[in-house]
Structure formats: C-alpha cells, structure tokens
Amino acid sequence: MDKYTYELYSQLLKTSWKVFLIILGIALAVILFPYAKDILIMFIIAWLLSVLLSPLVDYLESKRLRRGWAILIVMIIILALVAFSFSLIIPGIIRTVEALTTKLQSDVINELSVKIEAFFEKNFNNAELARNVTAKLNEIGVSLLNSLGEFFKNVGSFLASMVIVPVITFFLIKDSRRFKRAIISQVPNKYFELSLNILHKVENQVGKYIQGQTIDALIVGILSTIGLFLINVAFEWPIQYFFFIGMLAGLANLIPYVGPVVGAIPALTIAILNNPPNLGIVLIWIVVMFILVQAIDNALVSPLVVSKSVNMHPLTVIVVVIIGGKIAGAIGMLFAVPLTGIIKVTLQQVTWGLKKYSLHSISRLKEETILKPKGGEAA
Amino acid sequence: MENPIWGNSIFRKKKKEDDILTLLKQVPIFSDLNPRELSEVEKIVHRRTYKKKEPIIKMGDPGLGMYIIVKGSVEISTEEGKDEKNVLAQLTEGSFFGDLALLDESPRSASATALEDCSVIGFFRPDFLDLLNRKPKLGIKVLFALAKTIGERLRRTDELLMQTQEKKSKIHHG
C-alpha cells in the first residue's frame, strides 16, 4: 500500500469513526431523554435565568464589586421577590381553584344546564341530546379544573425541586466565560474563529431576545393588573386575585398569538363563575381591556424592547407550542417559542458564518498534504 | 523528565501563567496594565496551537481579533491571484497581528500562516467589549493604548506617503 492510499484510508477511517460517534451520541440522547428530561428542563431554566440576570451582575461588577458577590446580591433580591409573590399568591390560588371546582359541580353549572336544556328542547325538540350535551360539558369543566388544581399543586413540588436551579444559575453566571473557553478550545483550528464569532453573536442576540421578552411580559402583566384593578373598582370586585391573573396574562404573553387569548381566559372564567349582577358588561370590559393592553403592547412596548430577529410565522408558533406541551407540559409550552427562537438565531448565524468564512481554502491545505506526500511517492 | 508524583504542577502552572503575563506585557496595547489587570486579560484570551503551514487567519474573512505569537513564527501575506501570494512580513515570538479587528468586523486585509509549529494567544473583540462593559477602567486603558498604537501607525503611513509624494514630484520636476 503506497503512502497516498494509506493516508486516504486513515482519513476515511477517521471520518467513519466520527460518524459512528455522532450516531451513538444521538442514539444515547434519544434513549436517555425521558430520564434526563427533568434535569434538562432545570438546566434550560437556569440558563435562561443566567442570560436574564447577567446584565445586572455585569453592572454591579462594573461598580467594582467582585463577580461572586454581585451574583449573590442579584440572586438574593430576585429569590426574595419570587418567594414573597408566591407565598402571597399560591395558597390563595389553590383555595380558589378548589372552591371553583365545588361551585362548578353545584349551582352555576346546574343553572347553565337548565338554560341549555331549555334551548335544545325549544329549538330541536330533543331533551335527551340536551341532557347529553350538558352532562359532557359538566364533565369537561370539572376535569379541567381538577387538572388546573393539580397543576398548581405540582407547581409547589416543582418549586421545591427548583431549589437546585438557583445553584446551577449561580455557577452558569460565574463561570460562563470559563465554560465557553473550555468548549471553544475543543474546536479544530479550521472552525475556531467561525465558531467563536457565531457563539458570541448567538449569545448576544439570544440575550437581547430573552431580556426583551421578559421586560415585555412584565409590562403586559402590570398593564393587565392595572386594567383588572380598575374593572374591580368599577364593578364591585368581580375578579379575585386580579394581581395573579394580570401577571399570568403577562407570562402567557411570552407565547405570541396564543398567549393574549390564553391570558384573558382566567379573568373571564372567574368573572362568569362569580356571576355579578351586570355580568355582560363586566365581560365586555375585560375583553376591551385585554384588547387595549395588546394594542399598547404591539404599538408601543414590543417594537421598543423585543428583538425582531426572532420573528416567527403564526403556524410555526402553534406547532412548536403543541410540541412543547407534549414534551414538558405547561413549562414546555411556555419555553417552546423562546427555544425555537434560539434555534432560529443559531441557524441564521451558522448560515452567515458559512457564507462569510473561507473554509474551503483551509481544507485545500489538507488536500495538498495528502495528495503531495514528501519525496513524490504518490506520483 | 519530571516525576509525576513529586513534580509540583501548581508552581509549574504559575510559571506558565507568569510567562503569559510577561508576554502580554510586551504587547503595546497591554503595556500600561498592572499585574492584576494583566491577569484579568489573561482570563479572557484563547490559547491555540497551529501546525506548520496551517492558516491562522485568512484574507477576506470577517475580522474577530488579534493574535500574539508565543512560540514559532508566522508569515503575513496577501493573496494576489488564485495561487499567487505576496509575503508582507515574517513575525516571531512576542509579535502580534490582527489588532485592527478589535475595532470592527471588516474583512481581514491579509492572511497569516504558521511557518512552523507555533503557539499563539488570541484576544477577540467580543471578549474585549465584554471587558469594557464589566471593567470599564481596565477596558478604557486597553482601548486608549490601542488608539495610540493605531495613531502611531497612521503617523508612520503619513510620513511614508509624504516621502513617496516628494519623490514623485521630484521625478516630475526633474
């Protein structure tokens, strides 16, 4: 075997080995995913938090505070705020959901059932069909609220397991540069500058996107809370826990197109179940208020704070939200769009890098060394 | 060869870091920094090794930052045609190149290729911007030194241009 064939053979072997390792890696990831799902979700949340909090830490560091102390201060403030809000909101929410479940099983649904039965009897002359429809509706309503109650109870245990997230977040912020250097040091010279450039660009855009979305959600949450508070003042408090519902609307706003509708549902449901004397007008005001908040968000807030690089088609949003829900439930639905945004930005940057960097001319060197071995043995 | 059990890897690492700091101190843009500031810079630089004839940067690629040669030598050249190149300089240990890329992403004006197996330190724009954001005082020191280096280079270019123009006018008149 001459040197040329030998080099070619060893190159082929190396490539096959790499392909084998990649396939093995993918297979392992698929097999281990169900077991590693929870840890993966924790890491994703911690990473998103680290991206969100890094600018604050950087700011404190620029004021001559040591990075470790800066992270601790920021995290203690954030954790205190979160713990305070949750201690105020969660027990009340669980109580409300349980009370609503009981209420649904009794008077409100019965009243509605009578009305629906009367409607079907009058229009279709079929009382049995009407009874079937109302029974089904009752069943759906109760199971929906039961699952809602379960969700909030799960949030409690979820939060308990979330003790670990701040720890991961701390180290992700503190040692992010070290991690990046360690990863980039493994990249071959040929792709080094390209990878470093893409990594920084993706990091920059993703950071801006996540920070923008959070500010946007916060503003929508505050505006919705103020709106619900004003409705409460005007119509003798038909919506309890308006602060929680307002903030939930802000959180739901993270999911484009779907979020604003989802955000309005809890307020409408609670108002219906409370059945105030002027229910129709209250419902109209709730809808008008949410439309107004969306108009302010779309016209003033969003264009200023949310990066346009992650714009997605409505169909894409719906598909990824469904997939996210299938994989990781409510949390999956919430993070599906930001994660898809991150993938989109990464792909955009990789395409940009591959167009801009002359990788072909580097690989030409390899060809030269393989095709022209010393002493002209190949010839 | 050092005994792996009794050899003190901690001090050896310290020695290596000291070497890097000394080398960084020789680079004009870091020459005004104190040891503590230099070790901050040391935390964000990337160390790379290149084999003989391996390209370090390619002409036309987006500029990302500068390289300082720790060991070996590097050839700076421009590509004239498909297979033609014009060698501009050969740099050795302690020399640096690509510093203009610390300011913007303009395409590289020349290629750099390792003439022998060599080791370099890379200092890149995104890390520099991050340093400016986190440690403004240190960042401004580096930025000011970079401006001085570029200013010095511009002055030299002006002088050369004037000399060339003088020669040209002498030829025209004489």
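Visitor: What are the ground rules here?
Guide: The model is predicted: local features need pLDDT of at least 70, side-chain atom pairs count only at pLDDT 80 or more, and totals for chains, interfaces and linings use all residues. Residues are numbered from 1 along each chain as its sequence is written, and chains are lettered from A and ligands numbered from 1 in the order in which they are written.

Visitor: What is the secondary structure of chain B?
Guide: Chain B has four helices and eight strands, where helices (H or I, at least four residues) and strands (E, at least two) are DSSP runs numbered from the N terminus. The order along the sequence is α-α-β-β-β-β-β-β-β-β-α-α.

Visitor: Where does B:G94 sit?
Guide: B:G94 is in the loop between β5 (85-91) and β6 (96-97) of chain B.

Visitor: Buried or exposed, and why?
Guide: B:G94 is exposed, because 12 other C-beta atoms lie within 10 Å. Exposed means 12 or fewer such atoms, buried 20 or more, and partly exposed in between, with C-beta atoms placed from the backbone.

Visitor: What is it in contact with?
Guide: Leaving aside neighbours within four places in sequence, B:G94 is in contact with B:L23, B:Q26 and B:I69. Contact means C-beta atoms, placed from the backbone, within 7 Å.

Visitor: Switching topic, how many residues of chains A and B are in contact?
Guide: 18 residues of chain A are in contact with 19 of chain B. On the chain A side, α7(A) gives the most, with six residues.

Definitions and conventions:
Two residues are in contact if their C-beta atoms, placed from the backbone, lie within 7 Å.
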